Amino acid sequence: MDHMTRIYRKNEKIAWRIVEDDGVLLNLSTGYYYTLNEVGRFLWETLDGEKKLSDILTDIIDCYDVDTETAKGDMLDLIEDLLQEGLIVADDSIEKDASPSPAP
Amino acid sequence: MSKAPPSSVHSGLIIEIIHSFYRNEWLSLTTIPFRNESDWHNFFSVLRFHKLIPLAHHVLSRMEAWPFLPGDFTQTLEQASFHGAAFLLLLGNFLDAVTRALEKAGIPFYVIKGPSLALEFYQPSNTRPYTDIDIVIPFDSFTDTSTVLNSEGFVSRKTSFNRSYFDSVHFAHEQFSEISIDLQCESVTSIWSKKSFLNDPEVWNRLRLLKSSESRSFPVLNPLHLIPFLCTHLTFHRPMALIIHLLDLALAVRTHAADLDWNELVCWVQNKQLCKPVYYPLKWISETLDCPVPPAVLKAIRPGAVERHLFPFNAIARRQGNMPEYLERVVKFPLIEGWDNKTRAIGSFYRMIRKTSDHD
């Protein structure tokens, strides 16, 4: 499955806030916290359960001085880390609704 | 051999930082104040003592000279600031849960100090650090409150308030041991004064609600009582430090000065015999931060001319570490008004010493 067409949202058990330009995320279940740089924080803020990763990538390229390949690679790495730490979840229900119905 | 900068350089930079925050102006340093890394390390320690790390990070990281400060200092400040922000997220989560639970149980309460000050006066709120959640409840509600806190994962070895002296009961969280709640029913002034402060019916009757999120709010002190409380707290608890407590007071006064009935405040302070501990902090914020304290208020509560010229409030406020306990008591003693109160303070001190020696 192509990551770029998937939709992710923040785990409800994560509290977060912006500190200067960066992001601080806290897993309320474990007490572990994570920091994100400005671009990571931008990505985090846009993970709203509505936008596909491909749309978010476009937003990042529009806002920051970065080439597409670098931005895509960094974004997918961060998504992988966020998933691994349980900070985000894939919103499969939304993707399923958006995908074409299977043939009868 | 390197020469350490005088402590006034540290104090001067701290005052510039809080000026910048208070006035919401960008700080522009024309010269880098310290040359050696060890000086920056010492400065960091002073910031930590005064609980100014996130605020200093907020102010310094926005100035043009930030990239030219030593990397060790900026990284340490940044990491400490992130760590503090994460800790406040955790505390905020428990504050929300506990206040909901107390409301559901129908227990009267209000929140004082850190969480309420951060939310009301600091923008962004994480620039005001705090280490626990302070909640005031009526004396007789201790058992019910304890049951609620237990159900939220907080435990304490104590089973009641001690009626004979000022008491604050500490509840620690079972899973997150660094998260704690302090329950109290009175202020530190109850050590020597028979006049109730935090548990005065008028205080309870005039509480107001402070919004903590879109859908949540919790009760806090009315400015009429908040300002004297902040003054007495900063005067008698770790006396006359920390700078963050003076900034709390300055922001509270600036926010509420226009709507506050200052005459009523003066009457309250005089009635509670708290003129001296309220006068010195108000004078400091008025002089240091141009805070709008009406001169008539200062005049109405000021001590005698000799006393106020001799009392070294500024020097004590700008100190850079804890003072010995005996010195704390010596400094606080002249601020207790009335010989009845002074006698009770001495008696309380001896009871405490006796209790400690019995315990040993």
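**Figure 1. Burial and secondary structure of chain A in the predicted model.** Of the 104 residues in chain A of this predicted model, 20% are buried. The chain contains four helices and six strands. Among the contacts in chain A with a separation of 6 or more, 51% join residues 24 or more positions apart.

**Figure 2. The loop residue V66(A) and its contacts.** V66(A) is placed in the loop between α2 (53-63) and α3 (68-84) of chain A. The residue is partly exposed, because 14 other C-beta atoms lie within 10 Å. When neighbours within four places in sequence are left aside, the contacts of V66(A) are I60(A), I61(A) and A71(A).

**Figure 3. The side of chain A that touches chain B.** Contact between the two chains involves 10 residues of chain A and 11 residues of chain B. On the chain A side, at least two residues each are supplied by β2 (14-19), β3 (22-27) and β4 (33-36). Strand β2(A) gives the most, with three residues. By residue class, this side of chain A comprises six nonpolar, two polar and two charged residues.

**Figure 4. Two residues with positive phi, E20(A) and D290(B).** Most residues other than glycine have a negative phi. E20(A), which is not a glycine, has a positive phi near 55°. This residue belongs to the loop between β2 and β3 of chain A. E20(A) has 18 other C-beta atoms within 10 Å and is therefore partly exposed. In chain B, D290(B) has a positive phi of about 55°, although D290(B) is not a glycine. The loop that holds D290(B) runs between α11 and α12 (295-301) of chain B. D290(B) is partly exposed, because 13 other C-beta atoms lie within 10 Å.

**Figure 5. Contact between domain 2 and domain 3 of chain B.** The domain assignment divides chain B into domain 1 (1-69), domain 2 (91-221) and domain 3 (226-360). A distance of 22 Å separates the C-alpha centres of domain 2 and domain 3 of chain B. In the contact between these two domains, 12 residues of domain 2 meet 18 residues of domain 3. The domain 2 side of this contact has eight nonpolar residues, three polar residues and one charged residue.

**Figure 6. Packing of helices α8 and α11 of chain B.** Helix α8 (residues 223-236) and helix α11 (residues 275-289) of chain B pack with their axes 8 Å apart and at an angle of about 95°. This angle makes α8(B) roughly perpendicular to α11(B). Helix α8(B) contributes P228(B), C231(B), T232(B), L234(B), T235(B) and F236(B) to the contact, and α11(B) contributes P277(B), V278(B), Y280(B), P281(B) and L282(B). Nine of the contact residues are nonpolar, two are polar and none is charged.

**Figure 7. The largest nonpolar core and the surroundings of A56(B).** In soluble globular proteins, nonpolar side chains tend to be buried together. The largest nonpolar core of the model has 108 residues. The residues with the most contacts inside this core are I17(B), L52(B), A56(B), L246(B), L249(B), A250(B) and I285(B). Helix α4 (residues 71-105) of chain B provides the largest share of the core, 12 residues. With residues up to four places away in sequence not counted, A56(B) touches I17(B), L47(B) and L77(B).

**Figure 8. L88(B) in helix α4 of chain B.** L88(B) is part of helix α4 of chain B. This residue counts as buried, because 26 C-beta neighbours lie inside 10 Å and the threshold for burial is 20 or more. Residues up to four places away in sequence aside, L88(B) touches N126(B) and P129(B). The C-alpha atom of L88(B) is separated by 30 Å from that of D259(B), which is 171 residues apart from L88(B) along the chain.

**Figure 9. The cis peptide bond from Q123(B) to P124(B).** Most peptide bonds are trans. The bond from Q123(B) to P124(B) is cis, with omega near 0°. P124(B) lies in the loop that joins α5 (114-121) to β2 (133-136) in chain B.

How values were computed:
Residues numbered from 1 in each chain as written. Chains lettered and ligands numbered in written order. Predicted model: local features only at pLDDT ≥ 70, side-chain atom pairs only at ≥ 80, totals over all residues. Axes fitted to C-alpha atoms, helices over the stretch in contact; angles between N-to-C directions. Parallel < 35°, antiparallel > 145°, perpendicular 65-115°, else oblique. Contact = placed C-beta atoms within 7 Å. Nonpolar A, V, L, I, M, F, W, Y, C, P; charged D, E, K, R; others polar. Domains from an automatic or database assignment. Core = buried A, V, L, I, M, F, W, Y, C linked by C-beta atoms within 7 Å. Buried ≥ 20, exposed ≤ 12 C-beta atoms within 10 Å, placed from the backbone.
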